[in-house]
Amino acid sequence: LDVKVNDPSASGWYNIENALEFTAKAYDENSGIAEVYWQLKSEKDTDFGNSQYLYQMNRSDTAMSGTSATAPVPDAANQTVEVVGDGNDISLKVTAKDNSGNVTDTGSESELTGLKVDTVKPEIIIQDANTLPGTENGGWTNKTQTVTFTVSDPAPQNGATQSGVDTASVKVTKTVRGSGGSTVETLTVDNGLTLTSGKDGDSECIFTFTVEANASFTIDAADKAENDAEQQSIEFNRIDKTAPDAAGVYVNSVPYNADAGWYNAGIQTVSLSVTLPTEDAQSGYTTEYKLWKESDGEPAEEEWKAISGSGLITLDSDLGDGIWKLRVRTFDAAGNYDPLTAKAIEGATEYDLDANVYTIKRDKTLPDISENNASAGIYGFRVEPKYGSGITGGLAAIGNLLTFGNFFKEGFVVTVFITEDETVSGL
């Protein structure tokens, strides 16, 4: 009996593409071959299993037909058989029996041990593959994403030990598509890919990698027996880390000037307008505003008003007297704010609550020098001779009045009574 097995793969394992096969060649120069059979014993078995017949003399369904029980046939049986069964310590025994009842010796070269067979594909499972990066904001996000996936080498039904995950085979191919074509990058362990659980050869390993921007990813892996897993993929197209521009603010169609000071009665009207940023090519944006008098306090958060339109969009065509505050913010669906608003958010590196607030001062009311000033008479002012104070000054003033009337030979003091709405610019 001559038994030969094929060579395993480079890893020393037989796998899906290179199954364990043996060729048995039985011959007997005397009584002839009566039967040839083979048996397997896995790592978990104590004895060889049931006989699998390659040839039985009076069975037409076996491959070794035409063998005579009496005529000497040197090459009575010659056949290649694929062995089905996984394990990392398999024993194969082939036995031949002639028509005289003689069998091959146990422990001869017809019994092979230490064979390693793994014909089960490893599996790749991406955790939360259907929910990354999330469902909020229409799936848009401005945050770096972490992808976690598991590569496992499951045991077959007989519970045999598999070859385990080959961590060196695990790779993630990143493809970024742009107007100038695609760029491809390969991530491997310790080169963009992190092995967070398990080790080389384990039945299960967990890997992670981060995603900074939109791209597609394919994941490949194999076990130590060189069986390839079914490729898995995941794509990101809703990561937007680009902040929109701030809206433009205009007073009387002129860009806002923080040093403009007060807009007085010489300016007939004071209009407040904005221009929207250029279109966000990714997640789109929304621009909102709040407008209030400083004396009234800022409106509540729910009182933001959306701005829509094009060109110069008027918010108020004629601001009344007072110190006005305008807060404008622009944000996109991914959660990015314009640079000014980003500073006004608590916790910002350069935190400034008023970074996106514009102040406009308006006072078109003239001062009043006559009304509501009873002490000033009808003129709104008082003229007093400069005679000093006390009794002496008083007597001198009376003498001047009796002698010269409203003519004064001394200097005089004019007191003007003016009222002004203190909530406006003041005097």
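Strands (E, at least two residues) are DSSP runs, numbered from the N terminus. Two strands pair if DSSP finds at least two bridges between them.

Now the ground rules. This is a predicted model, where local features need pLDDT of at least 70, side-chain atom pairs count only at pLDDT 80 or more, and totals for chains, interfaces and linings use all residues. Numbering runs from 1 along each chain as its sequence is written, and side-chain values use heavy atoms, with hydrogens and water left out.

Confidence next. pLDDT is the predictor's confidence in each residue, from 0 to 100. The chain averages 83, and 78% of the residues score at least 70. Which element has the lowest mean pLDDT? Strand S5, residues 73-82, at 51. Strand S12, residues 192-197, has the highest, at 98. Over residues 59-77, pLDDT stays under 50. There the model has 49 contacts (heavy atoms within 4.5 Å) beyond four places in sequence.

Back to S12. Strand S11, residues 181-189, pairs with S12 in the parallel sense over 2 bridges. Thr188 stands opposite Gly192 of S12. S12 also pairs with strand S13, residues 204-211, antiparallel over 3 bridges. Leu195 has Phe207 in S13 as its bridge partner. S12 and S13 form a hairpin, with 6 residues between them. In the turn, Gly198 has a positive phi of about 90°.

Last, an open sheet. It has 5 strands, ordered S18-S24-S23-S20-S21, with mixed pairing. S18 (262-263) and S21 (305-307) are the edge strands, each pairing on one side only. S18 and S24, residues 357-362, pair in the parallel sense over 2 bridges. Tyr263 stands opposite Arg362 in S24.

How values were computed:
Helices (H or I, at least four residues) and strands (E, at least two) are DSSP runs, numbered from the N terminus.
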